[in-house]
Amino acid sequence: MPASALKVVQISSAEGTWGSTQAATIKLHGITDASLKSVDMVEIVPSAGMYGPGGAANTQAQSGEGRTSLTMTYEEAPRILNAFFTAIGQTTSTGAPYNYPYTAPVGSSQAVATYTMEYGTSGNAYRAPGSVGKHLNITGEAGGFWAGSVDWISKQIVAATSGLSSGPSDRTVTPIRMADTTLYVDAFSTATMGGSAVSATLIAFALDIETNRHLKQFAGSLYPASWGEGKWDGTLAITAEFNASAKAWVDEALGTTGATVSRQVRIGATEGSSASVKTFNLDFGGIKTGGETLFTDRDGNMTVALTFAGRYTTALSNWFLANVQNGSSSTT
């Protein structure tokens, strides 16, 4: 009987054709949990003259979905983000560190990477070709690492009769620490994101992005023929020490202009220096929503939770941007 602790997640290089099953080339590191699910639409045909179900039945459609939870690392972050956004591409080609910027789609859809995901253990492996990111969640709490969760949609699930691909090997990765994380809060109209650091305030954060992507089923096939984009939305929630900075945000929301409490917020982590420096910035334009509970508690100290809903800002020509910098010249 295979042990759950031996379960791994591997991915192919970006698929050239969506849904074309490929062997995995990369072993994902930092995985804390993973699941894969076959989505079957099976219909039983009712039969006249019977109290119970009829005897005729058939499968109408079949696809796949999955969830991957992991400790976020600087090296794996681009592979995750490539399944959600178009990678503009590394902007430094002469040596480390290498820079990978991303922006949310605004006026048009983006050409993102799709993968063949590979789940399981040595003799019990399954593949999910045509896997693309649907829902992204990144969180962090003081004293720990950044954590990520990805919901995937896939063209189908197939048994990997040859087992797990043998090519992917272990690599050195660097987890992203809250100890290296800084909160920046700037005016909504500024063109400079990350200009105003707020120290000794951030306790936890949770970024949540929903793409509303969906599979597209057509006559003539049991499996979806492609996938489509929906309207994106997202939130950024922060838990803050109730100090002078947090009090100012709350008091502003209680004033007559409370409906316009909008900010540009950066959650940024940096590790190392010079050519070995690694960074991961999450840049969010948002308007504060939901009100606040006065007060929540952390070890006897007053805290407050603030939630920002994504809001387009002309200063950045977007509402969400991300940037990863690491020592890898390739994300494939």
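Reading a predicted model

Residues are numbered from 1 along each chain as its sequence is written, and side-chain values use heavy atoms, with hydrogens and water left out.

User: How many helices and strands does the protein have?

Analyst: Helices (H or I, at least four residues) and strands (E, at least two) are DSSP runs, numbered from the N terminus. Counted in this way, the secondary structure comes to 2 helices and 20 strands.

User: Which residue in β8 is the bridge partner of T68?

Analyst: Two strands pair if DSSP finds at least two bridges between them. Strand β4 (residues 57-71) pairs with β3 (residues 31-44) in the antiparallel sense over 13 bridges, and L36 stands opposite G66 in β4. Strand β4 is also joined by 8 bridges to β8 (residues 147-154), and these two run antiparallel. In β8, the bridge partner of T68 is V150.

User: Is L294 buried, partly exposed or exposed?

Analyst: L294 lies in the loop between β17 (278-289) and β18 (296-298). Its relative accessibility is 48%, and therefore L294 counts as partly exposed.

Technical notes
This is a predicted model: local features need pLDDT of at least 70, side-chain atom pairs count only at pLDDT 80 or more; totals for chains, interfaces and linings use all residues. Buried means under 20% relative accessible area, exposed over 50%, partly exposed in between (1.4 Å probe, protein chains only).
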